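Please look through the sequence and the model before reading on.

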Amino acid sequence: MNLVVVSNRVTRGKPNEPMTGGLAAALLPVVEHSGAIWVGSSGRVRDGHQKEPFAEIEALGSGAIATLDLPAAHYGGYYEGFANSALWPALHSRSDLIRVSRDDYVSYREVNAFMARALMRFRKPKTAFWVQDYHFLALGAELRDLGVDDPIGFFLHTPWPVTAVMQGVPNHRELINAMLAYDLLGFQTEDDRQNFLSYVGGELGLAVEDGVALSQHGRTRCEVFPIGIDAEKFAAYAAKSASHPDVSRLRRSLNGERLAIGVDRLDYSKGLVNRISAFDRLWTEQPQFARSISLLQIANPSRGAIEAYGNLQNEVARLVSDVNGRHGEVDWTPIRYLNKGFSQAVLAGLYRTAQVGVVTPLHDGMNLVAKEYVAAQNPADPGVLVLSKFAGAANELDAALLVNPHDIDGMARSIAIAAAMPLTERKMRWDAMMKKLRGHTIQQWSADFVAELEKCRTEKAAVATQPPQALRWLKSAISGVRLI
C-alpha cells in the first residue's frame, strides 16, 4: 500500500534544529521508516493569479516530504481564523475564546479543497491517505468529491470535547458531517472517541453501532490509538547530550540545587499560569524549598497574531517577573523563563538534568513531553513526573504524580513530594512508566493505524458485495432509523 500522510506542518528533523510541536515529532520517524510521502504546507503562500506550483519534493529517510504553497487569499482565514480561533479553543473546551467569521469558515473549506486537489498528483494504485489533525477535518470529503474511493483515515492529535462545546463552533453540523467521509477516525483516548460518537448519534441523529457511524458517506470506524514515542531513541539522545554546551552550562549553574522543567508551546491549554502560581505557592508556604528547587520553563511562542496568544504571552511574562521579584535573591533566580525552542537532542539532555518534570495542561490530547521526560531519565537516578490528569498521557503514565491543574495548592504539594521522593520510589514509578512507553511506541501507533485503515478497505469491499436485503438494512441505518 502506498501511504500519503497529510498535515498542515512538516519537519525535516535536522538534529540541531528546534522541534516545534508534538505532531511533527511524532510523524517524522513514521515517514523516515515507512516510505510514505508526507505532504504539507511550505510555510509560504501564493498569489491566486499565478499558475499553481508543483510541490517541492525531497527525500526523508526511505520516504519523502512534499511541500506546497497555500493560497494567500485564504491562508489567514484558514489558519489564524477558523482552525486556531474556532476549532482549537473548542477542541480544548475553551468555547469562550472562539472568535471567527463566516469568511474564516469559507477560507478553511477552500484550503481543504486546495489540498485535496494537490494530493491527486500523489495518488497511485492502492494508495491510502492518512490525514492529521484539526486543520483538515473536511479534507476527506473534498477527496471523495474528486472521486477518490481509496481508504482515507484521519487522526486527531487534540482532545474531542463534549457536544455542548462543539455546538459553539459555527457550521459544526456541516463540518462533522464532512468528517464522516473518512473510513477511519483515530482519537487519543476513549473519552475523546465517546464524545465524538455522542455528537454523531445525538446531534446528527445517525446510527452508531460498535464504534461505527453510518452516514451518507457509508461506514466510518472510530477507534482509539494512543500516540507514543521512540523511547529508546530518546533515551540515547539523553545519554549522549551531557557534553552539549547548553546542557553542561545548565548543570554547572545549579550549584547542587534541584531543578524542575516544563516545556510547552505558549498556549492557553498548557496551564502555564497555574503552574507558575503553584511554584509561587510552594516557595511561599514551604520556604525551605527556596534555593532548593528552581523551575526552568521553556515556552516557545506561537500564533502571536491571535489576540488570546498575545494576551497570554504578556500575562505569563508579568507573572514570572512578579514571582522572581518576590522570591529571588542576588544569586538565585527561582524561574528561568525561555521563549525559544530546542532540538530533541538538547531537550533530552535538559530533561535528564531535571529531577522533576512538570506537565500540567488544563486539557491536552496526549502531550508527548510527558513521555519524553520519562524516557530521558537516568535509570539509576530517575526524576519524577508531575502530570495533569487532563492530559491524554495520564491514561498510560498512571505511575506519575497525577494532579488537578486547577488546584494550585494540590500542585504545590505534589511538586514538594516529587522533589523529596526517595530513590526507591522514584525507580519503581519510572520502571512502571518505561514499561508502558516501550510497549506503545510511535512505530506501533502508526502500524496499528495503517493496519486498521487497510481493514477498512476490506470491509468496504465486503459491503459492496452484500445481498440486497443487507444493503436495505444499511440504507435504513444511514437514514437515521435505529435498528435493534
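**Exercise 1.** Determine which element gives the most residues to the lining of the largest cavity, and describe that lining.

*Solution.* H1 gives the most to this lining, with four residues. The model is a predicted one, in which local features need pLDDT of at least 70 and side-chain atom pairs count only at pLDDT 80 or more, while totals for chains, interfaces and linings use all residues. Residues are numbered from 1 along each chain as its sequence is written, and side-chain values use heavy atoms, with hydrogens and water left out.

Grid points are joined across faces, edges and corners, and a volume is the space filled by probe spheres set on the points.

Of the 14 residues lining the largest cavity, Ala-25, Pro-29, Ile-229, Asp-230 and Gln-344 are the closest to its centre.

Step 3 assigns the lining to elements, where helices (H or I, at least four residues) and strands (E, at least two) are DSSP runs numbered from the N terminus. Two or more residues come from each of helix H1 (22–34), helix H8 (231–240) and helix H13 (368–376).

Step 4 sorts the lining residues into nine nonpolar, two polar and three charged, with Ala, Val, Leu, Ile, Met, Phe, Trp, Tyr, Cys and Pro counted as nonpolar, Asp, Glu, Lys and Arg as charged, and the others, Gly among them, as polar.

**Exercise 2.** Which residues line the second largest cavity?

*Solution.* The lining consists of Gly-383, Val-384, Leu-385, Met-421, Arg-426, Arg-429, Trp-430 and Met-433, around about 30 Å³ of space. Strand S15 (384–388) and helix H15 (423–439) are the elements that give two or more residues to the lining of this second largest cavity, and H15 gives the most, with four.

**Exercise 3.** Is Lys-126 buried or exposed?

*Solution.* Lys-126 is exposed, at 61% relative accessibility, given that buried means under 20% relative accessible area, exposed over 50%, and partly exposed in between (1.4 Å probe, protein chains only). Lys-126 lies in the loop between H3 and strand S5 (127–132), and has a positive phi of about 60 degrees although it is not a glycine. Most residues other than glycine have a negative phi.

Conventions. 1 Å grid on protein atoms, 1.4 Å probe; cavity = no way out; pocket = protein on both sides within 12 Å on 5 of 7 lines; lining within 4 Å.
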